[in-house]
Amino acid sequence: MSDPARQSTASSAAMQAPRPIGLGSRLARWIETPEGVVLPIQLGQRGERAVAFILDFLIVMAIIFGLYLALLMAVIGGGLGGVNWLAALVMLASFFIRSFYFAFFELRWQGTTPGKRVMGLRVIDRAGGPLTPQAVLARNLMREVEIFLPITVLISGTFGGEVWQTLATIGWLAVFMFMPLFNRDGLRVGDMIAGTWVVAAPKGALMQDLAGGEAIPAGVAGAAGAEMPAAPFYNFTTKQLDAYGIYELQTLEGVLRDRRPNAAEVRAEVALRIRAKIGMDDPDPPDDERFLREFYTAMRARLERRMLFGVRRRDKHDRR
Amino acid sequence: MAIVHRAAAETETGRAPAASAGPATAAHSGAPGFTLKSTAFRAEREPAWRRLEALIARAESSGLASLEARELLRLPILYRAVLSSLSVARAISLDRNLLTYLESLSSRAYFLIYGGRSNALSAIGQFLGATLPKAVRAARWYIALAALCLALGGVVGYVLTVGNLDWFYTFVSEGSAGGRTPTADTETLRRPLYTDGRGFAERLTAFASFLFTHNARIGIMAFALGFALGAPTVLLLFFNGLTLGAFVALYVSRGLGVELAGWLLIHGVTEMTAIVLCGAAGLMLGRAVIFPGEYTRLQNLARAGRGAAVIVIGAVLMFFVAGLLEGFGRQLILETESRFLVAGVTGVLWALYFVRAGRGRR
């Protein structure tokens, strides 16, 4: 959560902006960039984060184990005497490797680690600012208490004698370990301290513009040419175009972009309903694809024009 | 923007929406050559988006370092161009795919540009040269309070144990006493202060085990426990003070006070400063939770947490130095006077570092 002022700008901007796909889900949040533009983000799922951590953890273990093996070889081969200092050195190294592995990668790789990259996750600043080295160090230092300490305690079983002490220790460690399960944003204690959160890497490919065709090279827009769509077959009245709002327009966009096997049937069904709603006769034979495309284009032209004049008609129930 | 206005002039023939709601013959999908403003806008801006997309894709797969200097310079320019495209698109376009694409492209570029600095070495230099001493100076009252807790524990432990040596068993666990109890004779107590003849391996083991099992862990715990309203931090500091006070009382009662001081202080100046710093960091967290002020608790925790974490990292480094002094220095330097000298020098150096370093630099 960012500070209150930011939160309110974000939500008012959110209300002005159209709601993109996937928003309204439990993991959707807004951040404001330093340039003042509000961007939607998707929080990383707890399960994905757990898997990412396990991957990183295995890598850390592998590095420490490899180091241990290498040193063991050196001791056996070179007769450097005593395994005493070997154990000490491995302890030392494992402390530094596990403490700074995460911080190192999050600093070098813009908030990702190998495990996070595999899972498509990333650490960012909760308030929308740059991710500072302090924040990275803070969130990763906390891991020692959140995860590594509990693991050591659980493995070694050193709780301290009495039953109540054991229970208190387990309870205390559980508070830290399971913190992400107890808040909406899935923050672990390290995230709270550092003011960060973990988000999913955004995906989104640019597809063809349904209203214009994709083949309009820059600079010749507006010029008549072969790239322009053919003359429309249908003429829609204003009344017909006003049967729907933005929500329906964007649902229709989804239907037109649908490439699943049964997409043609869906389009036929949708075309039938729209024709019934706006009172348009079926031509013979009906060309649903073309009807929907032209209706989409005409409706988008109408709604976008009204938007320029300050009327953003949300859906068909919005009587504006 | 120019093309958008031109397109606007072509398609928008001055008809207000109110007027168009009149006779029901409007031909919005008009004649051939008709282009939506949002379509024209996209055609005009798309090449820049594609350029940024290609740059980002490369940076994401093989790192920012794989971009040439020229491309790196273009990255923020293209990023701002795409952000502005997004703002325009939100105002004029209803193409959901376009908006989603621009949002995800902006986010990806934002993550790259604001995703932290890539030069770890200069980050470390900046950290040691300015960030750490500044954070320590900013926390001076917390440090004073933490030091007070530790000192109070020490005084209470000392006074009680000097009065009645039985208190020693209450304050010092059997494990950490290691046979150095009031029942032991003076020679048994004295010997560990001057143990020598241990080899390199033992010193390193001692160093590593002291560093991990005890010091750094206590320090980090003192910090992390501050999350629970700071109370455990205060208690931890106080109890450590008690233990220390009890030990000192025991040795003083045998007339070994000065020798113990030399043995303790050679690394203790560094180590106790570090423990106090960790405690101060814990108190900062506790205060952030208890008195959030004008922020929510979570926001305030984030504000205090970064500064506190800086201090703890500094303290962990100090524990490292303390471990070296404890593992090597104390075994090699056996004269009490020299031990006091080392203690004094480290004390002065730390004080100079925290008071002077990074002043006047932004």
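The following legends describe close-up views of a predicted model.

**Figure 1. Chain B is built from helices without strands.** Chain B contains 15 helices and zero strands. Of its 362 residues, 45% are buried. Among the contacts in chain B with a separation of 6 or more, 80% join residues 24 or more positions apart.

**Figure 2. Nonpolar cores of the model include one of 124 residues.** In this largest nonpolar core, the residues that touch the most other members are B:Ala280, B:Ile311 and B:Val312. Helix α13 of chain B, residues 257-290, gives the most to the core, contributing 18 residues. When neighbours within four places in sequence are left aside, B:Ala280 is in contact with B:Ala139, B:Tyr142, B:Ile143, B:Ala146 and B:Ile311. A second, separate core has 23 residues, including A:Leu210, A:Phe236, A:Leu241 and B:Ala40.

**Figure 3. Helices α4 and α5 of chain B pack with their axes 9 Å apart.** Helix α4(B) spans residues 69-92 and helix α5(B) spans residues 96-113. The angle between them is about 150°, and α4(B) is therefore roughly antiparallel to α5(B). The crossing of the two helices is left-handed. From α4(B), the residues making the contact include B:Leu75, B:Tyr79, B:Leu83 and B:Leu86; from α5(B), they include B:Leu98, B:Leu102, B:Leu105 and B:Ala109. By class, the contact has 13 nonpolar, two polar and two charged residues.

**Figure 4. Helices α13 and α15 of chain B have axes that come within 8 Å.** Helix α15(B) covers residues 336-356, and its axis crosses that of α13(B) at roughly 20°. The two helices are therefore roughly parallel. Their crossing is left-handed. Among the residues of α13(B) in this contact are B:Gly262, B:Trp263, B:Ile266 and B:Thr270, which meet residues of α15(B) including B:Phe340, B:Ala343, B:Gly347 and B:Trp350. By class, nine nonpolar, six polar and two charged residues form the contact of α13(B) with α15(B).

**Figure 5. A:Gln110 has a positive phi.** Most residues other than glycine have a negative phi. In A:Gln110, which is not a glycine, phi is near 50°. This residue lies in the loop of chain A between α3 (84-108) and α4 (114-119). A:Gln110 counts as buried because it has 23 C-beta neighbours inside 10 Å, where the cut-off for a buried residue is 20 or more.

Key. Residues numbered from 1 in each chain as written. Chains lettered and ligands numbered in written order. Predicted model: local features only at pLDDT ≥ 70, side-chain atom pairs only at ≥ 80, totals over all residues. Axes fitted to C-alpha atoms, helices over the stretch in contact; angles between N-to-C directions. Helix = DSSP H or I, 4+ residues; strand = E, 2+ residues; numbered from the N terminus. Parallel < 35°, antiparallel > 145°, perpendicular 65-115°, else oblique. Left-handed = near helix turned anticlockwise from the far one by under 90°. Contact = placed C-beta atoms within 7 Å. Nonpolar A, V, L, I, M, F, W, Y, C, P; charged D, E, K, R; others polar. Buried ≥ 20, exposed ≤ 12 C-beta atoms within 10 Å, placed from the backbone. Core = buried A, V, L, I, M, F, W, Y, C linked by C-beta atoms within 7 Å.
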